[in-house]
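Here's a quick briefing on the two ligands and what surrounds them. Have the model open while you read.

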Amino acid sequence: MSLALGSVADDYTGASDLANTLTKGGLRTVQTIGIPADDLDLAGIDAVVVALKTRSIPVGEAVSRSRAAEAWLRGRGAAHVLFKICSTFDSTDAGNIGPVMDALRGEAGEAIALVTPAFPETGRTVYQGNLFVGAVPLNESPLKDHPLNPMRDANLVRVLARQSASPVGLVDFATVVRGHEAVAKRLDALAAEGVGAAIADAVTEADLETLGRAALAHRVSVGASGLGLGLARALVAAGRACAPDSAADVGAPVGGLAACLAGSCSQATLGQIAAAEAVMPVRRLDPERVLAGDAEIEAALAWAGERVGTGPILIASSAEPETVRTLQARYGGDRVGHALEDALARIAEGLNARGVRRLVVAGGETSGAVVDRLGLRAFQLGPEIAAGVPVLRTLGQGDPMLLALKSGNFGGRDFFARALDLML
Ligand SMILES: Nc1ncnc2c1ncn2[C@@H]1O[C@H](COP(=O)(O)OP(=O)(O)O)[C@@H](O)[C@H]1O
Ligand SMILES: O=C(O)[C@@H](O)C(=O)COP(=O)(O)O
């Protein structure tokens, strides 16, 4: 069985977002955590999204892990590999989007890679190479305050050029609206000038269908879920995937206790935590106490143990930008980030040991730490909770669990309650 599409994703929430989009686009999709075990059953599967945790790790490791995942996908017949990045282009001048893209493009023997983070369903559009989040440029959006990768430049041609070894060009909107052949020509012309990557404008799903069709003529592309949608539709139109008619089904209820964890400090997640206070007990971790030792984790687990038997609970480390800045200035951003991710992962493990089988996690890095700590390896896709966030069911690991791994920025104010309603 050959895969119609492979994807290497730079974080776990991003991978579930893409797997959700590919499923909606008609591809039977599985999400794996890292390179799958050899016994993963790929019968009837069109696409595999290999989730890595490479967005905020040293460049060399991000490159080598991404290359290994790409090699695995190619070995399963994937003619095209999408490097799934964040729709808000989360990265720093050191990478990791540019270096991983350069490596995958080199590996694929391609002269140029099409790049677009556009995902109109969640308000991410690209015009003249500038990324908009809703109505504002990226650098005016809440992403300017991200704890790990504050995004302070909306011009992605400039942003990517700082990270890539080759020059970066633009496939502008006027070209995209002329269709996939015009895009293909523009890519060829840029490649002939020695340009190694082109940011492509996209405002609507129709633009992404055009870009998906153009990208499919190459072996590698870089983008968010919007490009995934374009690729999925192009594959179905070309008869290379068979568009199953049944919607994603998460199978029989798993039962067990339910809990939510939040490590994202995005404006969306802060609002969702505030809304959750009305419907479930919420405990806020004290980051200073987390940095001081294990007592805060033990206290949170004891608090949860008294409540989770009668209904879902939420434990959060999330804080407003000013509080985050103060803490980072005192202890260092990396140290704080890792300590809080690790604390929430250990709390997830403790909750699981107390019978929690349904778990909602807010935050990409946070989800990565939790899923790794629980040792989860692969997921089947369930129904969509909000744009970019599906219900996931663990695959091939004994008693199933249900998870929702939410990008910090996604979902409406009632996200936690809504997720739990769909996770039975
Ligand atoms: N109170 C806090 N102060 C500083 N950093 C925090 C706080 N709470 C969480 N963090 C860190 O912020 C980062 C949030 O990243 P992530 O989980 O990927 O969320 P998002 O999906 O919003 O990007 C994590 O490293 C997390 O540990
Ligand atoms: O493309 C997106 O916006 C998401 O799929 C994504 O990658 C989310 O990353 P986090 O916000 O770090 O969870």
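Let's start with ligand 1: one of its oxygen atoms is 2.9 Å from a polar backbone atom of glycine 337, a polar contact in the sense of a pair of N or O atoms within 3.5 Å (within protein, one must be able to donate a hydrogen and the other to accept it, and residues adjacent in sequence count only if both atoms are side-chain atoms). This is a predicted model, where local features need pLDDT of at least 70 and side-chain atom pairs count only at pLDDT 80 or more, while totals for chains, interfaces and linings use all residues. Residues are numbered from 1 along each chain as its sequence is written, chains are lettered from A and ligands numbered from 1 in the order in which they are written, and side-chain values use heavy atoms, with hydrogens and water left out.

- On its own, ligand 1 has 580 Å² of accessible area, and the protein covers 96% of it (Shrake-Rupley method, 1.4 Å probe; for residues, only the protein chains shown count as cover).

**Ligand 1: the shell**
- Ligand 1 has 20 residues around it, with His146, Ser264, Glu341, Glu365 and Thr366 coming nearest; a residue counts as near if one of its heavy atoms lies within 4 Å.
- Helix H13 gives the largest share, four residues (helices are DSSP runs of H or I, at least four residues, numbered from the N terminus).
- Domain 1 (5–237) and domain 2 (257–422) both contribute residues, so ligand 1 lies between them; the domain bounds come from an automatic or database assignment.

**Ligand 2: contacts and cover**
- The side chain of arginine 55 puts an N or O atom 2.7 Å from an oxygen atom of ligand 2.
- Glycine 364 turns up again, with a polar backbone atom 3.1 Å from an oxygen atom of ligand 2.
- At 3.4 Å from an oxygen atom of ligand 2 there's a polar side-chain atom of aspartate 11.
- Taken alone, ligand 2 exposes 350 Å², and 96% of that is buried by the protein.

**Ligand 2: the shell**
- Of the 14 residues around ligand 2, the nearest are Thr13, Asp17, Arg55, Lys84 and Ser87.
- Helix H1 (residues 12–24) supplies the largest share of this shell, three residues.
- Domain 1 (5–237) and domain 2 (257–422) each give at least three residues to the shell around ligand 2.

Technical notes
Helices (H or I, at least four residues) and strands (E, at least two) are DSSP runs, numbered from the N terminus.
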